[in-house]
Amino acid sequence: MGQLEKLGLIVAVMALVVAALLPASFQLFPPSASDLSGRQSCVSYSEHGPASVLSYSANCPLPELSSTQILVKAEFASLNPCDFKFRRLSLPYPSVTVPVLDFLFPKPKIPALDVSGTVVGVGPSVRRFAVGDRVAATQPIVHTRWGTLAQFAAVEEAHAARLPGGVQPRDAAAVSLVGLTTVQAFE
């Protein structure tokens with residue numbers, strides 16, 4: 001097994017361990033009466049830097065759905081190493097300039113890529129999901145300011161999967177990006 005495969009396996013195991021350690025009642029954003037009022041709570045940053053650039057706001061805009069997206073009311077979201085690396089600008093590519101990074105990671109940026117929850121809205125071209133479906137989904141890594149550390153996440157229909165019976169939302173939120181990374185490492 002090569003270094004890349006070992007790293008992918010380690011990251012996958014770490015994500016599952018963290019998910020297993022969270023209490024079943026853990027919720028980043030508890031439900032509120034203002035759901036779908038046009039505003040939501042979120043964590044975001046407006047500049048690259050250390051964790052201190054992160055801020056919490058109860059007054060973030062809701063993402064607008066494209067015709068191929070679903071709106072997921074988040075129950076759980078997960079962080080991955082890429083989230084803090086992109087926030088800190090610790091990329092291993094010295095030729096990448098700040099304007100390029102600002103294009104790739106528009107700000108303010110809501111971090112995190114993986115989410116699980118319930119579909120509360122669908123774009124007109126969506127065919128695989130309906131309001132009320134329980135899903136796990138992932139966001140694209142670049143060229144979007146929307147992440148999943150928010151009450152709601154707009155995700156492409158193609159980047160979501162219905163949760164099978166017996167799969168807990170907490171576990172599902174920890175798998176998407178880490179699972180993809182692991183599969184790609186073994187290909």
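1. The model is predicted: local features need pLDDT of at least 70 and side-chain atom pairs count only at pLDDT 80 or more, while totals for chains, interfaces and linings use all residues. Residues are numbered from 1 along each chain as its sequence is written, and side-chain values use heavy atoms, with hydrogens and water left out.

2. The protein chain has 5 helices and 7 strands. Helices (H or I, at least four residues) and strands (E, at least two) are DSSP runs, numbered from the N terminus. Along the sequence the pattern is α-β-β-β-α-α-β-β-β-β-α-α. Of the 187 residues, 39% count as buried; buried means under 20% relative accessible area, exposed over 50%, and partly exposed in between (1.4 Å probe, protein chains only). Among contacts (heavy atoms within 4.5 Å) between residues at least 6 apart in sequence, 76% join residues at least 24 apart.

3. An open sheet of 5 strands has the order β6-β3-β4-β5-β7, with antiparallel pairing. At its edges stand β6 and β7, each with a single partner strand, so one side of each is left without a neighbour in the sheet. On average, neighbouring strands of this sheet are turned by 45° against each other, direction ignored. For such angles, axes are lines fitted to C-alpha atoms, for helices over the stretch in contact, and angles run from 0 to 180 degrees between N-to-C directions.

4. Within this sheet, β4 (residues 114-122) and β5 pair in the antiparallel sense over 5 bridges, and T138 of β5 is the bridge partner of D114. Strand β5 is largely enclosed by the rest of the structure, because 4 of its 5 residues are buried. The pairing of β3 and β6 is antiparallel over 5 bridges, with F152 of β6 as the bridge partner of K73. Strand β6 is mostly covered, 4 of its 5 residues being buried.

5. The largest nonpolar core has 12 residues in all, among them I70, V72, V115, F129, V135 and A153. A nonpolar core is a set of buried Ala, Val, Leu, Ile, Met, Phe, Trp, Tyr and Cys residues joined through side-chain atoms within 4.5 Å. The elements giving two or more residues to this core are β3 (69-78), β4, β5 and β6, and the largest share, 3 residues, comes from β3. A second, separate core of 7 residues includes C60, I110, A112 and A150.

6. T148 lies in the loop between β5 (134-138) and β6 (152-156). Is T148 buried or exposed? With a relative accessible area of 0%, T148 is buried. Not counting residues up to four places away in sequence, T148 touches residues including A77, I110, A112, V115 and A153. The C-alpha atoms of T148 and A112 are separated by 5.1 Å, although these residues are 36 residues apart along the chain.

7. The structure holds 1 disulfide, a term used for a pair of cysteine sulfur atoms within 2.5 Å. C42 and C60 form it, their sulfur atoms 2.1 Å apart. The pair links distant parts of the chain, with C42 in strand β1 (residues 39-44) and C60 in strand β2 (residues 55-61), 18 residues apart. The torsion about the S-S bond of C42 and C60 is about -65°, so the disulfide is left-handed. Both C42 and C60 are buried.

8. In helix α5 (residues 176-186), the buried residues are L177, V178, T182 and A185. Seen down the axis of α5, these residues fall within an arc of 135°, so they line one face of the helix. The arc is that of the directions from the helix axis to the C-beta atoms. An α-helix has 3.6 residues a turn, so residues three or four places apart point the same way.

Methods:
Two strands pair if DSSP finds at least two bridges between them.
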